[in-house]
Amino acid sequence: MAVDTMPHARTQVSPLFRYIPLALAVCLPLVAQRLPGNVHPEHYSLSLTPDLKTATFTGEETIEVTLAQPAKQITLNAAEITFKDVTIRSGADTQGATVSVDPDKEQAVFEVANTIPAGRATIHIRYTGILNNELRGFYLSKTPTRNYAVTQFEPTDARRAFPCFDEPSYKAIFSVTLVVDIGDTAISNTNIIYDRPGPVATKHTIKFATTPKMSTYLVAFLVGDFQCVSGQSEGIPIRACATPGKQDLGKFAVSAAEFVLRYYDNYFGIRYPLPKLDLVAIPDFEAGAMENFGCITYRETDLLIDEKTASIRAKENVAEVVAHEMAHQWFGDLVTMQWWNNLWLNEGFATWMETKPVAVWHPEWNVPQQDARELSATMNYDAQKVTRPIRSQVETPAQINEQFDPISYGKAGGILAMVENYLGEETFRRGVHNYLEAHLYANATAEDFWNAQTKTSGKPVDKIMSSFVAQPGVPLLTFSAPGKDSVAVREQRFYLSSSMNSDTNQTWTIPVCFKKEYGNDCELVTSPQQTLPVPSGPIFFADAGAMGYYRTNYPPEVRTSIAKKADRDLTPPERIAFTSDQWALTVSGRGNVGDYLNLVSDLRDDPNAGVISEATGAVVTVNDRIATDDDRKRLAGWVDREFKPPYEKIHLVRSDDTPNRIELRGDLFSVLGDIGEDPAVIAESRDITERWLKNQASVEPTLATAARTVASTHGDATLYDQLVQLYKTSQDPIVRTGALESLTNFRDPALIHRTLAYVISDQVRTQDATYLLAALLMHRGSRDLTWQFIRENWDRVKSRITPLAASRLVYATGSFCTTEARDQVTAFFNEHKVAAADRAMKQAVDSINRCVDLREHQEPKLKAWLASSSAE
Ligand code: BES
Ligand code: ZN
């Protein structure tokens, strides 16, 4: 089920690349594209003059390089660059070079008549390029009033802005100069060292301080009339910048960054290395955010917050995105993976780290509950038939892009959290410090990391981590009934599909932590069959801390006893882990949907929002994937009877509401409205939404978000028009996106058609279009019409889907649940290739097959259970 194997989106239209297999729009040949390696850059001096009106730029570049061997040729990367002239100087000899370009390899070769000796040489290049519309390289972003020239280089697009050795291990220093219009400013990685009029009357020239040694993909320069708000932390000036009028919405992010910088300086024991830190919101931005050294760029919704209108989740999202990109300043920017096959060293770390400072900054947000939910969603993704190991072979830009997926992010982050839980926070922190210290301003590999951890801790971290980094999939631990002081456990591979046999010949080295009276007791599971000592304690539970990257299966009597004691003896994250294991086991054919719903019923009074939303999330799946129309009516009745009483206890908004109470109210409201079809809740959703439309600050924002979804699901053309109007007129990015997303919920076919036409029109930015189409495919009410529309309008749709998001659309077709739909999807995408979406395609087909299978096995059980539970 695409719906429940896609880890949770923070906000619906947020891109969340960690969850999405990416694709490149252009088909690139699978030829080796690595640079030959003889020539190393030391220092780039770059002077760029963008013309925002004609969407072009001119560049002048000097690269100081070192040749390991004498050569007549120098090969570097360049794409869509027009060379004017190239000279190469070594000693007193300056020669003109002939340039040949290979567009497929995105390389240029400079050739000279006389051999350049080994040692230092200087390349001088004059060239022109284009400010493209593709959201990568040096590109154009637009507002209704003007254009901006901005950059996005990761992973392989610096070569579109300047010829360079565009691989992460070729670190060099950069001196950037920008020539911009009077009245405009420029932001880059470092501070400005001078800003002078000229070279012509209409321009001024801004020179930035030379950077420390860094990789090309982390260079950034942004040109336009950005406005900023500022703060500082640990002596480092911090700014948040945006297009004029929106800068005040950056204040929240500045205070998050102030906290996070102090936290990281202390945590890493290594000070933030640059003289300043800027966070800049860009109107057109394909990813969520990008960790350019000292100059982090963001989608507006991932940086700009109005505290009066933003939900807790939206604030938490911004804080975590800020913390994620700031973590990269150490992991990624200061110490960089040697090559993209170890992208997880960047993204897994930033994912693991991003919640740490936020959990301390705002403990009342209950971040550990979110982490437990995230981990479960990641395991569901990884328990599909089609997945990949954390570290995989990659050569081409398309293959590199495909690495930005839930495996590099969520899985790698989850493995790090599990190891930290095993070693203890302080031991792990020292290992991290030692690893970073050993590779400052340089590159590292997976082995460098786990060897450092093994050395500092004296524990077999290398064995644990290599087993999870090199092998795909999720382990399943099946426990026998525990004896007096020992228990037998079986280790095998877990699949979500009941038609897959669980492999027993794949084993991991797994730290399994048992719950003790006080604290945990961790043991290593290393073989398919093993006996472990059992700690004494009030409860037998094998995932203490809820950080295990494995699913756990207990004998029925043990499971029942855990369920009974859960509210007293397990923490909320542990209850989430337990509940999500039960659901995964059910889906895999090891359980009955009725038993799962009984567990949900036992949990319905749980006071924690995270537990309730995990439990009810699976009910959404039952409703969407398993139930027939007839079952759905009965399920609605059951949901209403179960969840109305806990909702009524907390439904009044009070001034002393805790975030937990606010979120719990929102979650219960959603399940009662969306699944329970409760008439009072639906009517209330309309009221709340009307008030919100008039004044977004007048309604508690988390409830407003839940209400808007229910109201739009049941909404008419009047509501639709009001939402479109708000999308057009609001200045608050989160309000605008909220309104836009709501359009995907309407069920009236005429309104679905309006949304489809709107999404592919110029009224919606391309950065949002694909996510909206994916949402329309995932909603039951709009799925069929959307699929028909996509097929009929493929050329236009294709021109609107951004390369990074293309495979998300393919993945979303996995939410169909019939063999006919599966065959249509396969036939269509075989004929209309989406580049580098091969894995997403296979996952979609597998997802549909799994759904068909699940429905066949569980629908009769659901029916029987509904009959008995309505009879009660
Ligand atoms: N390095 C990525 C941005 C990126 C993603 C560049 C894909 C190139 C391709 C950045 O650190 C990141 O992970 N951004 C996330 C947000 C983050 C908080 C999970 C994103 O863009 O979704
Ligand atoms: Zn990242």
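Which strand and which helices each supply at least two residues of the lining of the second largest pocket? They are strand E9 (137-142), helix H19 (717-729), helix H20 (733-742) and helix H22 (766-778). Helices (H or I, at least four residues) and strands (E, at least two) are DSSP runs, numbered from the N terminus.

The model is predicted: local features need pLDDT of at least 70 and side-chain atom pairs count only at pLDDT 80 or more, while totals for chains, interfaces and linings use all residues. Residues are numbered from 1 along each chain as its sequence is written, chains are lettered from A and ligands numbered from 1 in the order in which they are written, and side-chain values use heavy atoms, with hydrogens and water left out.

**The pocket**

The second largest pocket has a volume of about 970 Å³. A pocket here is an open set of points, on a 1 Å grid over the protein atoms alone, where a 1.4 Å probe fits and protein lies on both sides within 12 Å along at least five of seven lines; lining residues have an atom within 4 Å of a point. The volume is the space filled by probe spheres set on the points. In this pocket 32 residues form the lining, and Lys 142, Thr 143, Pro 144, Asp 284 and Arg 765 lie nearest its centre. Helix H20 gives the most to the lining, with four residues. By type, the lining divides into ten nonpolar, eleven polar and eleven charged residues.

His 328 lies in helix H3 (residues 312-330) and Glu 347 in helix H4 (residues 343-361), so the pair ties together parts that are 19 residues apart in sequence. Both His 328 and Glu 347 are buried, which means under 20% relative accessible area (1.4 Å probe, protein chains only).

**The sheets**

Two strands pair if DSSP finds at least two bridges between them. Eight strands form an open sheet with mixed pairing, in the order E5-E4-E8-E2-E1-E11-E14-E13. Strand E5 (93-96) and strand E13 (192-197) stand at its edges with a single partner strand each, so one side of each is left without a neighbour in the sheet.

Another open sheet, also of mixed pairing, has five strands in the order E16-E17-E18-E20-E19. Its edge strands, E16 (227-233) and E19 (289-290), each pair on one side only. Within strand E18 (residues 277-282) sits Ala 281, which is buried with a relative accessible area of 0%. The C-alpha atoms of Ala 281 and Gly 250 are separated by 8.7 Å, although the residues are 31 apart along the chain.

| Strands | Direction | Bridges |
|---|---|---|
| E11 (residues 173-181) and E14 (residues 203-208) | antiparallel | five bridges |
| E17 (residues 236-242) and E18 | parallel | four bridges |
| E25 (residues 510-515) and E26 (residues 520-525) | antiparallel | six bridges |

Thr 177 has Lys 207 in E14 as its bridge partner, and Cys 241 stands opposite Val 280 in E18. For Lys 515 the bridge partner in E26 is Asn 520. The hairpin of E25 and E26 has four residues between the strands, and Gly 519 takes a positive phi near 80° there.

Technical notes:
Nonpolar A, V, L, I, M, F, W, Y, C, P; charged D, E, K, R; others polar. Buried < 20%, exposed > 50% of the residue type's maximum accessible area, 1.4 Å probe, protein only.
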